[in-house]
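Hi,

Here is the structure I promised to pass on.

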Amino acid sequence: MTTLHDPAVRGFASDNYSGVHPDVLAAIASANTGHQVSYGEDVYTARLQQVLAAHFGAGAEGFPVFNGTGANVTALQSMLPRWGAVICATTAHINVDEGGAPERVGGMKLLTVPSADGKLTPELVDREAWGWGDEHRAQPSVVSITQSTEVGTLYTAEEVRALADHAHGHGMLLHMDGARIANAAAALDLPLAAFTRDAGVDVLSLGGTKNGALGAEAIVVLNPEASAGLTYLRKLNMQLASKMRFLSAQLVALFEGDLWLHNARHANAMATRLRAGLEAGLADGSVRGVTFTQPTQSNGVFATLPAGVADRLRESFRFYDWDESIGEVRWMCTFDTTEHDVDAFIAGISRETAG
């Protein structure tokens, strides 16, 4: 097939814009021979269970799914009674970027809490952790956090443990949306288990797509007592792949060795380079009017720009507005972002703000 796009064109809008890592494509091709039993009774899905156990400990069970929305909705459904509610940050992906799927498909109530840095604390959880036994209120049953958060910030292992202990003390469970969990692990320099299972997380949505997969995520049950019915809910939510070996092969390729970590470290390093380059430009006057709105802790940079600059920049570099009311934008780096990409973007920002 003729290539329909210009491979030289890069953007900073989303880590979903990048292609598939060559090693992941090779893994899919390698799995694409002969016949394997469908719906997960294949050797690649069996191998994935071993890989996940190596990261998260014996007894961890993975359920491959097609996408992050499916992982989050299905995972939360399995953790909730029919009358249950989920406490999350207002900025949480399940609240603002999943088209109402948790409510419409999952049938759950989201109890949202404002958080300037995208993170929950026990004190913030307590704003909505009340009303148990009140038949007029959806019952708070799960706390859901994102690692790294939607604004690029990180929970330390100690912060996750504090939330887990607080949730469990109220009889609630802790879910982690790990769409960018690899970037968090790379930034924290910790193994995956250290800030998930070892810190008290009950169920994890494990991301792959934003870190080099074609389209593969997994629900990982870390506490078997916290989740029920995933065998049925995955099918009910149209997330059961008939040719599951191709989902599992992608995740095996990422997580069996250190590809997941290598990709994430590179993406984080490119975001750090972007931030540092702009800070240097602000210091020497070659960049003007840029203000950073969040610490750059993973692979995203959040900033505000002078009026009109964002639209002019987007003629050459695609990226998204984040909070239009304050002129905030988001710049994301990914596993195939190059130093040249970053430096060209910095030069473009300099041209538009100080030229």
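Let's start with helix α8 (residues 181-188) and helix α11 (residues 259-284), which in this predicted model pack at an angle of about 75°, their axes 8 Å apart. So α8 sits roughly perpendicular to α11. On the α8 side, the contact is made by A182, N183, A185, A186 and A187, and α11 brings in W260, L261, A264, R265, A267 and N268. By residue type, that contact divides into 8 nonpolar, 2 polar and 1 charged.

The other pair is helix α2 (residues 43-56) with helix α10 (residues 245-255): here the axes come within 8 Å and cross at roughly 35°. The crossing of α2 and α10 is left-handed.

Is S148 buried or exposed? With a relative accessible area of 2%, S148 falls under the 20% cut-off, so S148 counts as buried. Its side chain makes a polar contact with the side chain of S298, at 3.4 Å. Leaving aside neighbours within four places in sequence, S148 is in contact with T153, L154, R180 and A184 as well as S298.

Cheers

Terms used. Residues are numbered from 1 along each chain as its sequence is written. This is a predicted model: local features need pLDDT of at least 70, side-chain atom pairs count only at pLDDT 80 or more; totals for chains, interfaces and linings use all residues. Side-chain values use heavy atoms; hydrogens and water are left out. Axes are lines fitted to C-alpha atoms, for helices over the stretch in contact, and angles run from 0 to 180 degrees between N-to-C directions. Helices (H or I, at least four residues) and strands (E, at least two) are DSSP runs, numbered from the N terminus. Angles under 35 degrees count as roughly parallel, over 145 as roughly antiparallel, 65 to 115 as roughly perpendicular and the rest as oblique. Contact means heavy atoms within 4.5 Å. Ala, Val, Leu, Ile, Met, Phe, Trp, Tyr, Cys and Pro count as nonpolar, Asp, Glu, Lys and Arg as charged, and the others, Gly among them, as polar. A crossing is left-handed if the near helix is turned anticlockwise from the far one by less than a right angle, and right-handed if clockwise. Buried means under 20% relative accessible area, exposed over 50%, partly exposed in between (1.4 Å probe, protein chains only). A polar contact is a pair of N or O atoms within 3.5 Å; within protein, one must be able to donate a hydrogen and the other to accept it, and residues adjacent in sequence count only if both atoms are side-chain atoms.
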